[in-house]
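Trainee: I am new to this structure and would be grateful for a guided introduction. May we look at it together?

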Amino acid sequence: MEFNNNKAIYLQIAEYICEQILLGKWKTEEKIPSVREMAVTLEVNPNTVMRTYELLQTKNILNNKRGIGFFLSDNTIDQVKQYRKTSFMENELPNLFRNLYLLEIDFDELKSQYQTFVTQNFND
Amino acid sequence: MIEINNLNFGYSKHKPLFKNMSMRLSNGHIYGLLGKNGAGKSTLLKNLAGLVYPQGGQLDVMGFNPTKRQPALLSQICFIPEEFYLPPVKIDSYLKANAPFYPNFDHQYLATLLKEFDIPASNKLIDMSYGQKKKFIIAFGLATQARLVIMDEPTNGLDIPSKAQFRKIMASALTDERCIIISTHQVRDLDNLIDTVIMLDENDVALKASVEEITTKLTFKKVKEIDESIFYAEPSLSGYNAVMPNYHHEESKLDMELLFNAILAEKTKFKPLFS
Amino acid sequence: MNRFGLLLKRQWLEFGKIYLISFGVLLGVLILFYKINITEDNLNSRYYNSLNFRHPLFLVTGFIFISITSSSYFMNLGQKPKAIINILIPASTLEKFLTAMFYTLIVSIPSYLLCFYLVDAAFVSSIRDSHTLTSSYTDYDGKKIVIDHFAYFFSTETAIQFRSFYYMPLLINSIFLLGSIFFKNFHYVKTAISLMVFVVLWIASTIYVMSKLTDNTVWVGSPYWQDETHIFFATNLVALCLTMIFWLITFIRLKEKEA
């Protein structure tokens, strides 16, 4: 996994995990890689991964079953969407709005663009 | 794990390297030791391992005084020096001669590590390249299960795939009982591996803080223009890479190189934040 | 104790090679000297002194072998990377020192004597198979003394006298062991030169002081120091004390070695 320079590593790992969940690679109520395994895969400090897992726990995306490991919670997909949505609204939307404003992009134009994108990428 | 109290050290009386340095290191962390050439990174590591004698102050490593060089402590130290020597023998005979000194030596783990590093166990140590030898002593050192792991520039001489293997191995080597200290110039090789930064400058610790603490107090980002809120900035393609106080609780990524240069240049601005 | 055994095993890996090479060279040199000096001509022309080369040979090779093995033991500590490894071996300084003593004293000296004994035995027994050469004289008591000129080395009169210098190998060992840890490089040459300088100074100053003190004087004290055995005893004592002191300094240097 490539990290970029804009965001704290532990948040980037959280996004990576959310992505795995949304893409269906990890299933609801399944056990996910341990902190150590994840740290080794990503070549990062285990304490950083631990911080990510703790964050995702507070967002109800993960459950820590003591002595066994971390599991996805039963409604994990909803929780991920909720978490991503908040994060998107807070971090990325202002940027998008800024560009829309500066470049004077019309909402109708945006809407049609959006629909073509969805059909091209997700409707097959 | 480690307690340093008022450490004074210098190779000659007139040129002290450390003046009244104090610091505490605990287990469960990978400490990244940074500093300019000659700031004393290797020397500090040697003090911890009891390879040199301080002129003053107390050193406590796992309850031992390292200068006494007691076997019970030595068997809990894995020290990977920057320049090292391996005798011209086969891996097997090296292991037979050296492994028994370490009560917890894990041969299984060593085999795994050597496999991960692509070193055939039948090799003769003398026929191996510098990088392979380095990987061998790292693997041997970790297999001793020593609780204190000290590495001086471990990624020097490793090729690109080996560096990735090294990071994986170190990520798996960190346990709650272990304390890992790595000195490095190649910050980018290791910056995601380090959880606490120790910076040496001007005979003392200029900064010792966890990555979390640093990014809570400081933010690292690209800016178009410099204003007085910025502690330090370096020009880049699209403006400036800047360090500034984290007023808005931003979660930025620690840029270790930038921080390093920032502290060397603007020490006084950082002092009040980390004391 | 178990750890000491491990250390002996481990150090063999480092020291064994130098030791075995020195031993091989020693063996070669001894055989060579015996071969050159023992010729049919020499034996048949009934020279009484045809085997006398053995005494200087014994002293010179003995000095060189013991000094070289002692001098090479701590040689590694002069190089930082090697010193680091040695210091960090989980064994106590005492154990490391005793291992040095084991190899440079307990292994080196007897193995030298054994080597000389065996080479001598091999050559001399083959001479004795085919030649005999004795001479005899009558001593003060009217007893007849027979000298066997083809005797085995260790049963010659001179070799037996060497025994009273038993401390010499220990002293040489202690000097060169100290030299190997004291100097960072060129241990052997530096130790040898220091030794030479020291001996010359010592002899010169002794002669000077003694002649100053005793010029135009007569001995009026007890005859204690007239007796050769007492003087021998005193020199032995001094030599052994020096040896102990050198070993002690070596131990302290080893303990305080930095890398």
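Mentor: The questions that follow concern a predicted model.

Trainee: Which residues of chain B does UniProt list for "domain: ABC transporter"?

Mentor: The span is 31% helix and 27% strand, and its end C-alpha atoms lie 41 Å apart. The name comes from an unreviewed UniProt entry, which lists for it residues 2–227 of chain B.

Trainee: How many residues of chain B are in contact with chain A?

Mentor: On the side of chain A, 16 residues take part. The elements of chain A that give two or more residues to that side are helix H1 (9–22), helix H2 (35–42) and helix H3 (46–58). By class, the side of chain A divides into 8 nonpolar, 5 polar and 3 charged residues. On the side of chain B, the number is 16 residues.

Trainee: Which element gives the most to the side of chain C that touches chain B?

Mentor: The contact takes 20 residues from chain C and 22 residues from chain B. The side of chain C has 11 nonpolar, 2 polar and 7 charged residues. Two elements of chain C give two or more residues to it, helix H1 (2–37) and helix H4 (80–88). With 7 residues, the element that gives the most is H4(C).

Trainee: What is the count of buried residues in H5(A)?

Mentor: Helix H5 of chain A covers residues 107–122, and at 1.5 Å a residue its 16 residues should span 22 Å, which agrees with end C-alpha atoms 22 Å apart. A residue counts as buried if 20 or more other C-beta atoms lie within 10 Å of its own. H5(A) is hardly covered, and its count of buried residues is 0.

Methods
Residues numbered from 1 in each chain as written. Chains lettered and ligands numbered in written order. Predicted model: local features only at pLDDT ≥ 70, side-chain atom pairs only at ≥ 80, totals over all residues. UniProt positions renumbered as here; feature names shortened; annotations may be inferred. Helix = DSSP H or I, 4+ residues; strand = E, 2+ residues; numbered from the N terminus. Contact = placed C-beta atoms within 7 Å. Nonpolar A, V, L, I, M, F, W, Y, C, P; charged D, E, K, R; others polar. Expected span 1.5 Å × (residues − 1). Buried ≥ 20, exposed ≤ 12 C-beta atoms within 10 Å, placed from the backbone.
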